[in-house]
Amino acid sequence: MEVTGAQALVRSLECQGVDVVFGLPGGAILPAYDPLRSSSLRHVLVRHEQGAGHAAEGYAWATGRTGVCMATSGPGATNLVTALADAYMDSVPIVAITGQVPRAMIGTDAFQESDITGITGPITKHNELVTDPGRIPAAIAEAFHIASTGRPGPVLVDLPKDILQATTTWSWPPALDLPGYRLPGPADPERIAAAARLLHQARRPVLYVGGGVIKSDSHEPLRDLAELAQAPVTTTLMARGAFPDSHPLALGMPGMHGMYAAVAALQEADLIVALGARFDDRVTGKLAAFAPKAKVVHADIDPAEIGKNRAPDVAIVGDLRTVMAELARATRTIIDVEGPADTAAWVATTAGWKSSYPLRYTQAADGPLKPQHVVERLSAMTGGDAIVVAGVGQHQMHASQHFSFTRPRSWINSGGAGTMGFAVPAAMGAQIGRPGELVVAIDGDGCFQMTAQELATCAIEGLPIKVLIFNNGFLGMVRQWQELFYDERYSEVHLGTDIPDYVKLAEAYGCVGLRCEQPGDVDAVLEKALSVSDVPAVVDFRTHDAEGVFPMVPVGRPNDDIVLGPEFTPAEQQAAARREVIAK
Amino acid sequence: MTTHTLSVLVENKPGVLAHVAGLFSRRAFNITSLSVGPTSDARVSRMTIVVDGETTPVDQVRKQLEKLVRVLKVVELGEDEAVERELALIKVSVQPSVRAELLDIATAYSANVVDMGPETIVLEAVCSPGRLDALIAQLEPHGTCELVRTGLIAIGRGSGTITDEDLAGLGACA
């Protein structure tokens, strides 16, 4: 059957099972927007292409399916770059489709021409400039296969305008021509056995859980493994929700702004089992001083992550879901013969750290309003039954620390790339992916202003996302670093709390705008926001501008130098530094 | 300097070289040389990449290369297991008094004279990299005007080939 390249593109997306495309048309991609009119695909017209990219990411985080965004050539395509870089760092499966100038004009500096495959090579898992209309179905099918399998990631398909207009013969499914694309086979059973043996021998084991556990839907095997081995669990920023925070073995988030118990447990561990985690600098602190006493089992689907930052004692390459199930089975086999591993003293030690050095802040009844208080009220009022989306900075850390996560895919943020402006468009994508659920973006005033225009998209699409702006009038995390590391010499971090007027801005965008300045009003304002069901509700929380994020490991320093924060006495800080471990 | 030689089979498609070069730049890997050419299978090109093992983690290079979708196979060729050659064209200024001496040096290194003018000659030398360095050092005092080297190419010794194990989907392409 004869179709145009554009029809082949739209049909390919339909056949691929895509239900929504986030995009914005322009000259080179125009042909694709014509068959879209009669397609079953839902197109969400964003206000800026970066919003399309982050929305595709939010959709993918929330659903586990591949998100799709579309843009025209030149600036349309380059506006996707930040989202692609973000998706690459956080292994988020998205497919970006970009228009390109006609083949004959490539290289002539034509209007709205940019070498987007060249630009995005280092920040995509793969990309392709398609030069033959007959290849469109295969290019799309390959893009989805690559984006969603193995270690997920973004794939960009660049389509010159003339191949969208050309006629080609339609057939589906196309044969995938990917001879160099290899997925790991089953994990080596001997290594699984060796890992189980180490886990059983360990007296101070810690499961160091990364985003791979959520991506591979391995939260159930994780729970089995943790309970079987009686090993405490830390969930990284990418893995919040993989293990319930209320579980007795849960230590919370490790790293630069991690819980003291999680940081200390990794430092004192005699065995770290890294599961879909990559020993990121924000987790390890000074790498050479990270977990000095620990042997390491490292399981990951990406062989290049193993040994990249920390040499493992046992390396396991494979799909975590099966790896963890097999690891649990092998552990059970050992326990059946030799009895359970002796970790009781260690579990008691880490639980003691949790209670001695919890997150601490003081909320005075008459203010100022603390951001932590807002997160804790949200957590309590929703019972953790919300999808929380954050941007990057203090609000992100406070959200990750103080929300009590109960299930996977309930936390969405920009981890590796640290992209300010992520939250609102990502929340939009998450809400479209999971329409019946409560989606709450917790955002800073700095972040919010970078992508606030997508409130218009959300209002028109009738998406009832909640946007809680922690408005402290500052680029708060940068301010905190200037306070701590530049002797309070504040430079270009003051934004001011009143411009824009966030309530009016929300109303101008067709949303409900609310303001909350006093701690006593938090519950009522949140309730009001949660009750809005047809458009976004935006709340301007006037939060304390001098509030920092603690604990904190100063950048580049060993994790042992963790600072508990101003809420702890010098005696407590010293006791934490001297910490005692029962299970030697 | 410890160098490592990687033989890399890649799909012969547009953008492949950019992806490989981009990987090296993004990961801050140092390349000593890179050469690329066709193989007996028109669908496949072969790159020989020499990396500086002191500044670059070779295991990471191999694993990251293997992740590129258009890369079919990566093999590290140890110095003792491979024949390594590099082609150089060397333009040397010749005074009549030293012409015979220069030609003797060329003969000693099995270098051919491929162009001869009144003031310069061009030598073509095919050597192992170390031997080529030695030749260039010997010519230097006579005034080397211009030098072009292809970068190393290498092939494993013995009957085994890089395509002994089937390339998934492509079949043997030797």
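Q: How many residues does the contact take from chain A and from chain B?
A: Two residues are in contact if their C-beta atoms, placed from the backbone, lie within 7 Å. Here 16 residues come from chain A and 20 residues from chain B. The elements giving two or more residues to chain A's side are helix H6 (116–120) and strand S6 (126–129) of chain A; helices (H or I, at least four residues) and strands (E, at least two) are DSSP runs, numbered from the N terminus. That side of chain A has eight nonpolar, six polar and two charged residues, where Ala, Val, Leu, Ile, Met, Phe, Trp, Tyr, Cys and Pro count as nonpolar, Asp, Glu, Lys and Arg as charged, and the others, Gly among them, as polar.

Q: On what conventions does such a reading rest?
A: The model is predicted, with local features requiring pLDDT of at least 70 and side-chain atom pairs pLDDT 80 or more, while totals for chains, interfaces and linings use all residues. Residues are numbered from 1 along each chain as its sequence is written, and chains are lettered from A and ligands numbered from 1 in the order in which they are written.

Q: What is the strand order of the open sheet in chain B?
A: Two strands pair if DSSP finds at least two bridges between them. In chain B, four strands form an open sheet in the order S2-S3-S1-S4, with antiparallel pairing. S2 and strand S4 (71–77) of chain B each have a single partner strand, so each edge strand has one side without a neighbour in the sheet. From one strand to the next, the twist averages 15 degrees; axes are lines fitted to C-alpha atoms, for helices over the stretch in contact, and angles run from 0 to 180 degrees between N-to-C directions. Seven bridges join S2(B) and S3(B) in the antiparallel sense, and Pro38(B) stands opposite Ser45(B) in S3(B).

Q: Which strands does helix H2 of chain B lie across?
A: Helix H2 (residues 58–67) of chain B lies across strand S1 (3–11), S3 and S4 of chain B, at about 160 degrees to S4(B).

Q: How is chain B divided into domains?
A: Domain bounds come from an automatic or database domain assignment. For chain B, these are domain 1 (3–77) and domain 2 (83–153), with C-alpha centres 29 Å apart. Six residues of domain 1 of chain B are in contact with five of domain 2 of chain B. On the domain 1 side, S2(B) supplies the largest share, three residues.
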